[in-house]
Amino acid sequence: MPYDLHSSQWNLLIGGEHVPARSGRTFATVDPATERVIAHVAEAGAEDVDAAVASARKALDGPWGRMRGSERGACLFRLAELIERDQEPLIDLESMDAGKPVASIRRQDMPAVLDTLRYYAGFADKINGQVIPTHPDALTYTMREPIGVVGAIVPWNFPLMIGMWKIAPALACGCTVVLKPAELTPLTALRLGELALEAGLPPGVLNVVPGPGATAGAALVDHPDVDKVTFTGSPGVGRQILRGAAGNLKRVTLELGGKSANIIFPDADIEAAVRAAASGIFFNSGQVCSAGSRILVHEDIRAEVTERLAARAEAIRLGDPRDAATRMGPVVSEAQMTRVLDYIDVGRREGAELVTGGIRPTDRGYFVSPTVFGGVAHDMRISQEEIFGPVASVIGFRDEDEALRYANGTAYSLAAGVWSRDFPRLHRFIRGLKAGTVWANTFGPTDVRLPWGGARDSGFGREHGEVAIENFTEPKSVWISTCD
Ligand code: NAD
C-alpha cells in the first residue's frame, strides 16, 4: 500500500515492503516553518540496515543484475514520468519537511531531479568497455560491471535532488542502493522508493532506511557487504566515513562543505554581480555547500557593493515556504538556527560590522533574517568556517594577488566566482582559483552534465557527468586466447 502523503506514520522501505524498525523505534520529523511534528518515522538501526543490504544484494544477484541496460533505462524513464506526475505533492512534502520555499523547489530542485534521472536513464544501455589490441593471438578488451551494493548517505538541504544525484547513476550502472536520507528530511526519499516500485524496479533495488547518522548511517558505512559509499555532508562526518569504509576497503565518494569566494572587481557589471552575490548566499537560506558566503570586493567599490547587497537582503520576502511568493524560508532545524545565530554573535565579537539582519525575526519557526557583515577580515572565523546559513561576509581586497590569496585561503576547495570585464584577468583567476567549479560573471549554476565536487575539506571524487558512471562501475579486463 502506498503511503498517504499526509499520513503521520511512515515505515522503512526494505525489499519492496513497508516495515517498522526491528526495534520498534520511531522519530519525529518537524516542519521548520511551524515547529509542528508532521510525521513519525520508523528509525532504522543496524539490524534494519543489515536487512536492507541483504535485499539489495539479492536484487543485484537476481532480477536487476539480469536485466539488460535498455530495460533498466526504461524503468528509470518510467520513474521520471511518475515523479513528474506527482511533482506537486512531492514539492509540498519536501517543503514541509525541509522548510524550503515551494517556488524554489519548483524552479530549481524538481527540474534538476528530472533532468538528472533522465540523463542517467539514457546512459543505462551505453556503458561500454573497449577492445584494446595487445597480442596477435588474443582478443583483449575491457567491460564495465556494476560496482555492487551502494550505500547513499545524503544531507537535508536538497534531499530529493542530492538523493537523485546518487541514485540515478548508481541504478543506471546496474547497482542496487540502500539510501539513508538525513534524519531531518526523510519523507521524500521514502516516497521516491515507492515510486521506484511503481515504475517497475524490482523489490530490493532501492531501499530507504531513515535514521540517525551515528547508528543507521554508521551501520551502512561499516557493513561488509556494501561495496561503495557515496556521501554528501560535513567534513567531520566525511572523515568518519573514510575510517568506517576501511574495514572492507569499500569505495568512497565524498562531497563535503565549502566556503566559496565570490570576487567582484570594479570593472564588473556591478548590478549583475550584486544580484548574483545575494542569491549566491541567500538561496535556500544559505544552506548550500557552494554558497558564496565570502564576497571579496575591491576596496574601490566595497562600500557601494555592501550597501546594495544589504538593500537586496532587506527586500527578500521571508516567510511561509508554502506561499508561492516567499523567497526565503526558515533554516532546517532549531539546532541549525542556534548555530547560525551563534556565528552571528561570533562575527560581532570579532569586530565585523553587522550591516543588516542578524536576528530571529519571529518566535515561531526557525527563521534567521538575511544577514550582511561588512568590513570582515580574511582571518575572522566568519570568513573561514562554514556557517551554512544566510550570512554574507564582505571582505575588501586591494589587488589581484590579495584577492586570489584570500579566495584560496580556507580549508575548502569546492567552488568560486569572479566578476570582471577583463578577459585576461578572468583567465588568470580561472587558472589560479583552487576550486572544483569556477564561475565567471555568474554565480551558482550547475548542470548534471558537468562534473561537480571538490578537494581538501570539500572532499574528493566527482558527481555528475560521465565520471559518475566510472564511480559506480568496476572495469574488468578480459584476455581470450585465440590460438589453437
Ligand atoms: P552531516 O554530515 O551532519 O549529515 C549528512 C548525512 O550523514 C546525514 O544523512 C546524516 O545522518 C549522516 N551521518 C551523520 N553522521 C554519520 C556517521 N557517523 N556515519 C554515517 N552517516 C552519518 O551534514 P548535514 O548537516 O546533513 O549537511 C550539511 C553539510 O553537508 C555541510 O557541511 C554542507 O556543506 C555539506 N553539503 C555538501 C554538498 C556538496 O555537494 N559538496 C551538498 C550539500 C551539503
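**Figure 1. Lys 228 over the ring of Phe 472.** Lys 228 lies over the face of Phe 472, 5.3 Å from the ring centre, in this predicted model. Lys 228 belongs to strand β10 (residues 228-232). Lys 228 is buried but has no salt bridge; Glu 463, the nearest side chain of opposite charge, is 7.8 Å away. The side chain of Lys 228 does make a polar contact of 2.4 Å with the side chain of Thr 253. Leaving aside residues up to four places away in sequence, the residues that Lys 228 touches include Ile 147, Val 149, Val 150, Gly 151, Asn 471 and Phe 472. Lys 250, Arg 251, Val 252 and Thr 253 are also among them.

Figure 2. In the pair shown, the ring centres of Phe 265 and Phe 429 are 5.4 Å apart and the planes stand at 70°, so the pair is edge-to-face. The pair links distant parts of the chain, 164 residues apart: Phe 265 is in the loop between β12 (261-264) and α10 (270-282), and Phe 429 is in helix α15 (residues 423-432). Both Phe 265 and Phe 429 are buried. The charged end of Arg 425 sits over the ring of Phe 265, at 3.9 Å from its centre.

**Figure 3. The ring pair Trp 439 and Phe 443.** The centres of these rings are 4.8 Å apart and their planes are at 55°, so the pair of Trp 439 and Phe 443 is tilted. Trp 439 and Phe 443 are both buried.

**Figure 4. The cluster of Tyr 119, Tyr 120 and Phe 123.** Ring pairs link Tyr 119, Tyr 120 and Phe 123.

**Figure 5. The salt bridge between Asp 31 and Arg 322.** The whole structure has 34 salt bridges. In the one shown, the side chains of Asp 31 and Arg 322 meet at 2.5 Å, N to O. Asp 31 lies in strand β4 (residues 26-31) and Arg 322 in the loop between α11 (302-315) and α12 (334-350), so the bridge ties together parts 291 residues apart in sequence. Asp 31 is buried, at 1% relative accessible area, whereas Arg 322 is partly exposed, at 28%.

**Figure 6. Further salt bridges.** Arg 398 forms a salt bridge with Glu 402, with the closest N and O atoms 2.6 Å apart. Arg 398 is exposed, at 59% relative accessibility, while Glu 402 is buried, at 7%. A salt bridge also joins the side chains of Asp 447 and Arg 449 (2.6 Å, N to O). Asp 447 is partly exposed at 32% relative accessibility, and Arg 449 is partly exposed at 42%.

Note on methods. Residues numbered from 1 in each chain as written. Predicted model: local features only at pLDDT ≥ 70, side-chain atom pairs only at ≥ 80, totals over all residues. Heavy atoms only, no water. Helix = DSSP H or I, 4+ residues; strand = E, 2+ residues; numbered from the N terminus. Buried < 20%, exposed > 50% of the residue type's maximum accessible area, 1.4 Å probe, protein only. Lys, Arg positive; Asp, Glu negative; His and termini not counted. Salt bridge = Lys/Arg side-chain N within 4 Å of Asp/Glu carboxyl O. Polar contact = N/O pair within 3.5 Å; in protein donor to acceptor, adjacent residues only side chain to side chain. Contact = heavy atoms within 4.5 Å. Phe/Tyr/Trp six-rings, centres within 6.5 Å; stacked < 30°, edge-to-face > 60°. Lys NZ or Arg CZ within 6 Å of the ring centre and 35° of its normal.
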